[in-house]
Amino acid sequence: MALLTGSDRIKTAIFISGTGSNLKSLIKFSKVKKSPIIIKMIISNNSKAKGLQYSKIYKIKKKVFDFKNTLSEKKIINELKKNNIDLICLAGFMKILSKSFIKNFKGKILNIHPSLLPKYKGLNSHEKAIKNKDKYSGCTVHYVNSKLDSGKIINQKKIRITKFDTPDTLAKKVLIQEHKLYPAAILKIFRL
Ligand code: GRF
């Protein structure tokens, strides 16, 4: 496979709301030879998101929007189109995107979720898995459609829950696997 130059890599925007550990791992992934993506923008709904620090460290454009209404969504869509964004990765992003937003980027929005979907959609997946005494939890990368955490699954990683696990220890174990799963999902989509 020919080495992808910057110009033919898929222009990608990463959406965050908090720590940005998945953002950091996707930035590192974008810099390896076989990576098909180039990260052009970091978008957040939260001006205080710790992950915005990576915009400065890695010199990637950042934009904060309030995602409160269709007007602000129209501004985001224009910004993304202006930057020829062709892939959106939600990474710890806590807002629900509207149907019209998703339609504008059909089949081009991915999300990572800390459970073995379709189990435990939404919040507090680790608490639910432990409360139900599940033997396994894990993480999932999926396409985003208009239903919460319900788009076509791309890949998953299963993680054993031990009797010593708390939601915190499980979250830490799952997060380590998320950082590997997201790059693997992108390679899988682009069959590399
Ligand atoms: C991760 O568990 C992710 O799956 C969930 O938000 C958590 C924090 O992600 N959506 P990050 O550290 O901000 O990437």
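## Ground rules

This is a predicted model, where local features need pLDDT of at least 70 and side-chain atom pairs count only at pLDDT 80 or more, while totals for chains, interfaces and linings use all residues. Residues are numbered from 1 along each chain as its sequence is written, and side-chain values use heavy atoms, with hydrogens and water left out.

## The cysteines

Back to that opening pair. A disulfide here is a pair of cysteine sulfur atoms within 2.5 Å, and a search of the whole structure turns up 0 of them. C139 is buried at a relative accessible area of 0%, and C89 is buried too, at 0% relative accessibility. (Buried means under 20% relative accessible area, exposed over 50%, and partly exposed in between, using a 1.4 Å probe and protein chains only.)

## The sheet

Helices (H or I, at least four residues) and strands (E, at least two) are DSSP runs, numbered from the N terminus. There's an open sheet of 7 strands, ordered β3-β2-β1-β4-β5-β6-β7, with mixed pairing. Two strands pair if DSSP finds at least two bridges between them. β3 and β7 stand at the edges with a single partner strand each, so one side of each has no neighbour in the sheet. On average, neighbouring strands are turned by 20° against each other, direction ignored.

Further in, β1 and β4 pair in the parallel sense over 4 bridges. A13 has I88 in β4 as its bridge partner. As background, strands of a sheet pair through backbone hydrogen bonds, either parallel or antiparallel.

## Helices on the sheet

α1 packs on the sheet and touches β1, β2, β4 and β5, and its direction makes about 160° with that of β2. Contact means heavy atoms within 4.5 Å; the angles run from 0 to 180 degrees between N-to-C directions, with axes as lines fitted to C-alpha atoms, for helices over the stretch in contact. Because 7 of the 10 residues of α1 are buried, the helix is largely enclosed by the rest of the structure. The buried ones are N22, L23, S25, L26, I27, F29 and S30, and they pack against β1, β2, α2 (53–57), β4, β5 and α6.

Then there's α6, which lies across β2, β4, β5, β6 and β7 and runs at about 150° to β7.

A nonpolar core is a set of buried Ala, Val, Leu, Ile, Met, Phe, Trp, Tyr and Cys residues joined through side-chain atoms within 4.5 Å. The largest one has 34 residues, and I14, I16, C89, L110 and Y182 touch the most other members. β1 (10–16), α1 (21–30), β2 (37–44), β4 (87–90), β5 (109–113), β6 (136–143), β7 (153–160) and α6 (167–189) each supply at least two residues. α6 gives the most, with 8 residues.

Take I14: leaving out residues up to four places away in sequence, I14 touches L23, L26, I39, M41, I42, I43, C89 and A91. A second, separate core of 19 residues includes I76, I85, L90 and F101.

## Polar residues, inside and out

S17 lies in the loop between β1 and α1 and counts as buried, at 11% relative accessibility. The side chain of S17 makes a polar contact with that of N45 at 2.6 Å. (That's a pair of N or O atoms within 3.5 Å; within protein, one must be able to donate a hydrogen and the other to accept it, and residues adjacent in sequence count only if both atoms are side-chain atoms.) H142, in strand β6, is also buried, with a relative accessible area of 1%. Leaving aside neighbours within four places in sequence, the contacts of H142 include N111, H113, D149 and K152.

What about the lysines? K63 sits in β3 (residues 61–64) and is partly exposed, with a relative accessible area of 32%. Beyond four places in sequence, K63 is in contact with M41, I42, I43, S44 and E79. K33, in the loop between α1 and β2, counts as exposed at 65% relative accessibility. C-alpha to C-alpha, K33 is 18 Å from L181, and the two are 148 residues apart in sequence.
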